[in-house]
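These are my notebook entries on one chain.

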Amino acid sequence: MGLSRRTFLKNTTLATSAFIIGFYLPSTARASEDSKDIIALQPNAFIQIDPDNTITFLMGQAEMGQGTYTAMAMSIADELDADWDAVHFKASEVKPIYNSVFGPFMLTAGSTSMSTKHLEMRKIGAAVNAMLKTAAAQRWNTDISNVKTAKAHAMNVQTGEKFTYGELVSDIQTMNVPENPKLKDLKECTLIGKPTKRHHSEAWAKVTGKAEYGVDVRMDNLKYAAILHPAVFGSKIVSFDPSEALKRNGILKIKQIPGGIAVIADHWFQAKEALNSINVVWDKGAFANVSTADLQKEYGDLLKKPGASMRKDGNTDKAFKEAHSIISAEYEFPFLAHAPMEPLNCTIHHTGDSAKMWTGGQMQTTYRDDCANILGIKPESVEYHNTFLGGGFGRRGAANSDYINDAVYTAKDEPWPIMTLWTREDDIRMGNYRPMYKNKARLALNKFGDITAFEAKVVGQPVVKDTILGFLFKDGVDWAQWDGLTDHPYSIMNHDMQSHSPSSPIPALWWRSVGHTQTAPMVEGIVDEAAHKAGVDPIAYRISMLDDLRCIKLLVDVKRISDWGNRKKEKNVGYGVALVKSFGSIVAQVAKVRVSKNDFKVEKVWCSVDCGFAVNPLNVENQMISGINFGLAPTKYSEITIQNGEAVQNNFYDYQVTRISDAPDIQVSIVNSGEKIGGIGETAVPPIFPAVANAIFDATGKRYHSLPIKIS
């Protein structure tokens with residue numbers, strides 16, 4: 001049996017002669033490519049160079065399909081002059097050195113990986129490269145200017161002699177780390193800024209099925225658990241009878257945990273089937289009488305009441321009183337499940353005063369600490385392994401650690417390592433959901449059609465309140481309620497924006513692109529209505545209200561690539577535009593939609609993106625395509641509805657996501673403005689909602705203010 005890559009990496013990590021180094025830069029290091037900020041460096045672990053010249057990059061960010069591993073590795077490898085084809089990377093341990101920009105914990109979210117880590121990774125690579133050159137020059141007793149590096153080798157340009165980086169490991173072990181290593185000019189870079197395919201060590205493993213996701217974890221004596229969860233949100237177990245289930249083959253133990261009833265078995269399907277044999281008496285609680293219609297009425301009543309202020313400037317009362325015309329609309333957005341392809345899972349082995357855990361998670365520190373708290377041991381006694389994630393979209397960053405806690409309680413004090421695996425039905429029926437929203441927007445227009453005042457009210461459950469990101473809930477206003485609304489890009493003199501934060505037993509959670517999922521369709525929808533009311537081309541109308549040159553250039557660019565001025569007028573075909581700033585980037589999209597009886601098809605999307613600087617243009621393009629296709633699902637299909645306190649939807653058959661047949665032709669244009677690097681993982685999602693809705697209006701003359709859009 002050959003040595004697997006994982007075993008090889010594990011062994012080399014333990015090699016005592018390996019050189020392991022890295023640096024920590026504070027969050028203020030987020031700067032543009034041209035930044036010359038001088039920032040102190042502190043040693044720690046990001047790069048490992050072994051004597052056999054194996055180079056491994058340790059990644060603190062989770063890889064859930066967004067291309068972070070490849071882009072981060074490109075940033076290090078280019079400055080290090082490593083052999084790109086020969087580098088390896090693996091998930092790091094849980095350590096403060098890998099903490100996120102959000103706080104003292106590891107978290108992959110908010111499209112922040114490259115925007116906050118890129119410069120840090122480049123400096124790490126450049127510093128180690130400088131140390132290797134110094135070591136080689138000392139061995140050859142020559143000036144460092146005579147040493148060149150390439151493909152993980154140092155070469156004496158005068159003699160042609162070479163050392164591998166591995167051969168120089170012992171020389172740099174005690175060397176001082178350069179505090180301000182010189183970065184390459186971008187013109188010298190061979191990887192950074194160049195379209196680069198996913199690194200083969202990640203891509204090949206995934207396409208051959210060898211990549212380890214959480215659900216792939218196997219070990220001796222591994223047992224499996226399924227959980228019987230309450231169907232009605234907020235309901236509780238009064239009593240249960242497991243006797244019939246315990247008679248079934250392979251069933252080892254059945255026990256109540258805070259999240260429900262756990263069945264432990266030799267095989268997972270045995271555990272899942274046994275759930276049907278457990279007789280449970282439930283206290284369903286008051287929410288058992290609640291349905292979506294009740295929530296809509298509650299939210300509608302709140303819309304009529306004053307809410308917490310999100311933004312107030314100018315004099316909206318005066319502007320509306322003097323308005324030549326007024327546009328108003330109400331918007332409804334349903335609960336949304338994340339529906340990642342890999343079902344939620346976590347494997348725990350509790351061994352007394354220590355434990356091991358494996359999962360693909362976006363919140364490594366939180367999950368490790370929650371595991372330790374439940375087991376009553378120290379966090380450092382939990383050995384955490386972060387695997388690849390089979391899709392996240394925010395779900396594997398569950399602030400309430402729901403599926404993690406299920407796994408820990410199930411495995412607590414048990415003699416076996418246990419994988420607790422939720423069914424897809426568990427995930428779709430039990431939350432955590434992007435909240436349901438009911439919003440209202442109102443615009444005042446003068447006689448020229450200009451917007452003189454913007455009123456808005458948002459009603460939806462908060463997603464950050466009482467979580468690890470609770471600092472983003474301020475003065476009764478949740479981050480997901482205002483993000484993309486109060487900071488819209490248009491120049492308007494008067495604003496009055498408010499919110500309500502109703503509560504319910506339904507757990508709410510951020511979802512890919514967070515608040516922009518409900519603010520973008522409202523802002524870009526009603527602005528489009530204003531353009532139509534003014535009788536002005538929608539792109540020209542938007543440009544007339546913009547001061548931000550980046551936004552203007554992007555609209556000009558998407559107008560160019562879509563040949564907007566020459567678009568053909570066909571029966572039942574429409575074109576819609578939208579512009580959204582999010583996560584430090586700007587995306588403009590034009591959608592072409594063909595409407596038929598009771599249906600529509602998005603045939604083409606033109607997408608212009610300015611993320612400051614595209615470290616990997618190919619990955620930026622892929623993320624734009626990914627985000628557009630992801631966003632089409634809630635535009636056309638996806639919704640969670642509530643009936644008698646339960647979610648109606650169960651699985652992909654009734655919670656439909658985008659399928660291949662829905663995928664439009666997509667053209668992406670990248671504009672490198674040279675500004676601070678922004679995120680790309682989520683930024684293509686928000687514009688597609690209003691771009692499609694505006695295109696449907698162009699085709700039919702009818703405005704749709706709610707998602708999913710149901711043609712009538």
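How many bridges join strand 5 to strand 6, and do they run parallel or antiparallel? I found four bridges between strand 5 (residues 147–150) and strand 6, and the two run antiparallel. Strands (E, at least two residues) and helices (H or I, at least four) are DSSP runs, numbered from the N terminus. Two strands pair if DSSP finds at least two bridges between them.

**Before going on.** I noted that this is a predicted model, where local features need pLDDT of at least 70 and side-chain atom pairs count only at pLDDT 80 or more, while totals for chains, interfaces and linings use all residues. Residues are numbered from 1 along each chain as its sequence is written, and side-chain values use heavy atoms, with hydrogens and water left out.

**Strands 5 to 7.** I looked for the residue opposite Thr149 and found Ala154 in strand 6. The hairpin of strands 5 and 6 has two residues between the strands, and Lys151 takes a positive phi near 50 degrees there. Strand 6 also pairs with strand 7 (residues 162–164), antiparallel, over three bridges. Here Met155 has Lys162 as its bridge partner. Five residues lie between the strands in this second hairpin, and Gly160 has a positive phi near 80 degrees.

**Whole chain.** I counted 18 helices and 27 strands. The radius of gyration (taken over C-alpha atoms) is 27 Å, close to the 27 Å that the globule rule (2.2 Å times the number of residues to the power 0.38) gives for 712 residues, so the chain is as compact as a globular protein of that length. The C-alpha trace spans about 80 × 70 × 45 Å along its principal axes. Of the 712 residues, 60% are buried. Buried means under 20% relative accessible area, exposed over 50%, and partly exposed in between (1.4 Å probe, protein chains only). For contacts (heavy atoms within 4.5 Å) with a separation of 6 or more, 76% are between residues 24 or more positions apart.

**Helix 17.** I found 15 of the 20 residues buried, so helix 17 is largely enclosed by the rest of the structure.

**Start of helix 3.** Ser111 is in the loop between strand 4 (88–91) and helix 3. Ser111 has a positive phi of about 50 degrees although it is not a glycine, and it is buried at 15% relative accessible area. Thr116 is within helix 3 (residues 113–140) and is buried too, at 13%. The side chain of Thr116 reaches the backbone oxygen of Thr112 at 2.6 Å.

**Other backbone spots.** Phe583 is in the loop between strand 22 (573–582) and strand 23 (585–596). Phe583 is not a glycine, yet its phi is positive, about 55 degrees; at 17% relative accessibility Phe583 counts as buried. I also noted a cis peptide bond between Gly431 and Asn432, with omega about -10 degrees. Another cis peptide bond joins Leu707 and Pro708, with omega about -5 degrees; Pro708 is in the segment after helix 18 (685–700).

Definitions and conventions
Polar contact = N/O pair within 3.5 Å; in protein donor to acceptor, adjacent residues only side chain to side chain.
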